[in-house]
Amino acid sequence: MCGIVGFTGKQNAAPILLEGLKKLEYRGYDSAGIAVCKDGVISVSKVSGRIANLCEKTENGANMPGHSGIGHTRWATHGAPTDINAHPHMSCDGRFSIVHNGIIENYLELREELTAKGYAFRSQTDTEVIVHLLEMYYDGDLKSAVMKTTSRLEGSYAIGVLCADCPGTIMAVREASPLILGIGVGENFFASDVTALVAYTRNAIYLDDGEFAELTPERITVYDCTGTVIQKPVSRITWSVEAAEKGGYEHFMLKEIMEQPRAVKSALAPRIQNDQIQLDDFSFTKEDLRGIKKIVVTACGSAYYAGCAGKYAIEKLCHIPVDVQLASELRYGEPQIDSGTLLIVLSQSGETADTIAAMKECQSLGARVLAIVNVVGSTIAKLVDNTLYTWAGPEIAVATTKGYTTQLSVLYLFAVYAAHTMELLSQQEYLRLIRELQSIPQKIQQTLDMNITLPQLAKKYNTGHSMFYIGRNTDYAAALEGALKMKEISYIHAEAYAAGELKHGTIALIDEGQSVIALCCNRHIAEKTMNNIVEVKARGAQVLALAVKGDRAVLAQADDVIYIPGLDPLFQSVAEIIPLQLLAYYAAKENGCDIDKPKNLEKSVTVE
Ligand code: BG6
């Protein structure tokens, strides 16, 4: 997720662009840049690091005169956060400059086409293909060039365009990434969200997917995807800046829970093209994969639990043993690692000290490493040869949600890719699994939509005593993360137990009114866990069960049931964690906890 802004009017654009970018810094902050147009010449200034670096370099915009311009604050997805990869990007002829928020899924084929046609690429970004397409299609008609360019793009984009031939004009294009127009007096704006607008105007036009707009100081013209002028309603922005940063949600954590369908789609869609999985950052050949004797997954916190959930898919599909180890344990153990080991490192931040230390230990023993991280250019990403980014966008809440589900989704993707590469899947099974993967974002959305009773359920099951989370296999893996969510944000003690283990001791803890969350979503073993529901209810427990939509048997056993859409059992954890995130969120809210910044916790523990 990045932030883009645009301005055209009688004032100098640069200072206004910089102020707007500061308000969007929560959307991405590893590099930033602005471009302004003056007397038919576009000048650009861009730097890695925070907006403050850009303000310093441009003397708060004083050294960049011009009355129209565009700006960008970046959360890197393709290409490390460097000056070259920062936006805005320029066309070869210097006539165009663009900023972009989103992911161009077909950028590799476009890059090949444009390179073959002689367009010189300077950056490693997916975005740069846009500005070279504009140059290629431009014949003096800016609107036509924009339409031809966007007709070639697949993926998500909010784009700002500056053209040296059209001083005072800025273009804004929206497809699956938010873009809002701000209406001023003798000036007009665009921005990724209203936080960058409210200092200047509260009159806004929300572009919809497929629409684009031409802004001059005096006029805003909106077009539909056919280039026909359309009338759009003007909305009044009532949000405060703080509310706008959270997208109107009360906490970043709830916003990030709700963002998961889009985040998981961002992680998966660019890697599934024409019914094939393409991992462009993973260089293992079929022989490399067949040479793997063991996979060790290492991480901390929720990332570790993502590994516990992904293990089942990798073992089942790739027939390779998977050992999931806490990084803080692995680094001090006697790891049985050698050149036949593939180490998979999971980390949202890419900066967790224990994970880095464990990784280095395994590398010294000969392991080859695949890192699955969210932050481009992070320490872990720089230390390994194979990195699959989760492209989840910045995660602000300390307790991870979209970080976990995107890590897990990429593990599933890897499992299917590796199994197919090793020729362990029939073409029919490969396609079926690809369809399952592609269905995950909408299954998560359906889960969010189906479960509106979570606030009430959280009130009922948040008794203040310790909570049991029980399940088997993939259900148990989800229970581990669900219990951690409850602990870290509501401060209620909660433990996940392998359901089959209850009879070996922990059932002794079940007293009258004990809350038990029973995960019965893996259709192969749900019946066994339902037997455990009977056992704990016989001892006075109140049971909230998670089950797959249509499973009516569980209704006879549990006090309450949360239904989720069905997925292949191997992938079920990524959907069943959603209600558990919400259960923890609403329990924490009930308890009056600081949900985005839980006590004693850090977003990334960069020290031991
Ligand atoms: C903890 C975070 O500090 O570190 C967790 O609160 C996270 O959400 C864990 O899962 C590991 O962090 P990372 O960045 O390595 O995934």
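User: What does the side chain of Gln 514 reach?
Analyst: The backbone oxygen of Ser 466, at 2.6 Å. That falls under polar contacts: N or O pairs within 3.5 Å, where within protein one atom must be able to donate a hydrogen and the other to accept it, and residues adjacent in sequence count only if both atoms are side-chain atoms. Bear in mind this is a predicted model, where local features need pLDDT of at least 70, side-chain atom pairs count only at pLDDT 80 or more, and totals for chains, interfaces and linings use all residues. Residues are numbered from 1 along each chain as its sequence is written, and side-chain values use heavy atoms, leaving out hydrogens and water.

User: Is Gln 514 buried or exposed?
Analyst: Buried, with a relative accessible area of 10%; the cut-off for buried is under 20% (1.4 Å probe, protein chains only).

User: And what does Gln 514 touch?
Analyst: Leaving aside residues up to four places away in sequence, its contacts (heavy atoms within 4.5 Å) include Met 467, Phe 468 and Leu 509.

User: Switching topic: at what angle do α4 and α5 pack?
Analyst: About 130°, with the axes 8 Å apart. Axes are lines fitted to C-alpha atoms over the stretch in contact, and angles run from 0 to 180 degrees between N-to-C directions.

User: Which residues make that contact?
Analyst: From α4, Ile 130, Leu 133, Leu 134 and Tyr 137; from α5, Ala 145, Val 146, Lys 148 and Thr 149.

User: How far apart are the axes of α8 and α14?
Analyst: 9 Å, at an angle of about 35°.

Conventions. Helix = DSSP H or I, 4+ residues; strand = E, 2+ residues; numbered from the N terminus. Buried < 20%, exposed > 50% of the residue type's maximum accessible area, 1.4 Å probe, protein only.
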